[in-house]
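Subject: Structure handover

Hello,

Here is the structure for your files. My notes follow below it.

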Amino acid sequence: MPKLVKLYITQTLIGFAVAAAFVVALLYFNVGNLWHLVTHTEGGAIAVVILWAANGIVFSGVQFGMTIMRMAETGEDGDQGGKRDTIPVHATPVAIPVPVETRPAEAGRR
């Protein structure tokens with residue numbers, strides 16, 4: 001199996017494990033009365049599965065992205081991050097006339 005595929009599968013499993021811990025924490029601490037909602041409705045179990053799957057997709061993507069970003073090697077220039085020239089700004093403020101309608105005085109103004 002290629003290294004990148006193995007890395008992706010590993011990070012996906014880690015992401016789904018973190019998502020499982022997150023969903024358990026949500027239910028344990030009863031955030032938004034979620035435990036009561038899940039245990040007292042007919043579709044509570046499928047809601048937990050969907051919550052876990054959706055968070056698993058997000059967390060595994062973040063986990064894989066962080067791992068790929070950490071794999072970067074230091075460049076020859078000491079990892080300076082690119083060119084940092086100042087951007088010249090030649091802007092002069094311009095007054096823009098805005099028409100304003102006058103309203104009649106309100107009787108019950110606070």
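What pattern does the protein follow when read along the sequence? The pattern is α-α-α, with three helices and zero strands. Helices (H or I, at least four residues) and strands (E, at least two) are DSSP runs, numbered from the N terminus.

On the source: this is a predicted model, in which local features need pLDDT of at least 70 and side-chain atom pairs count only at pLDDT 80 or more, while totals for chains, interfaces and linings use all residues. Residues are numbered from 1 along each chain as its sequence is written, and side-chain values use heavy atoms, with hydrogens and water left out.

Overall figures

The accessible surface of the protein is about 9800 Å², and carbon and sulfur atoms account for 66% of that. Areas come from the Shrake-Rupley method with a 1.4 Å probe; for residues, only the protein chains shown count as cover. Of the 110 residues, 14% count as buried. Buried means under 20% relative accessible area, exposed over 50%, and partly exposed in between (1.4 Å probe, protein chains only). Among contacts (heavy atoms within 4.5 Å) between residues at least 6 apart in sequence, 76% join residues at least 24 apart.

Helix H1

H1 covers residues 3–28. Its 26 residues should span 38 Å at 1.5 Å a residue, and the end C-alpha atoms are 37 Å apart, which agrees. The expected span is 1.5 Å times one less than the number of residues. The buried residues of H1 are Leu7, Gln11, Thr12, Gly15, Ala19, Val23, Leu26 and Leu27. Their cover includes helix H2 (34–39) and helix H3 (44–70). Just after H1, Asn30 takes a positive phi of about 55°.

Surface patch

Met1, Val5, Tyr8, Ile9 and Leu13 form a nonpolar surface patch with about 540 Å² of accessible area together. Patches take residues with over 30% relative accessible area and no salt bridge, joining like charges within 9 Å and nonpolar side chains (Val, Leu, Ile, Met, Phe, Trp, Tyr) within 5 Å. A salt bridge is a side-chain nitrogen of Lys or Arg within 4 Å of a carboxyl oxygen of Asp or Glu. Ile9 is partly exposed at 39% relative accessible area, and Tyr8 is partly exposed at 44%.

Gln63

Gln63 is in helix H3 and is buried, with a relative accessible area of 17%. Leaving aside neighbours within four places in sequence, Gln63 is in contact with Gln11 and Ile14. Tyr8 and Gln63 are 55 residues apart in sequence and 9.3 Å apart in space, C-alpha to C-alpha.

Regards
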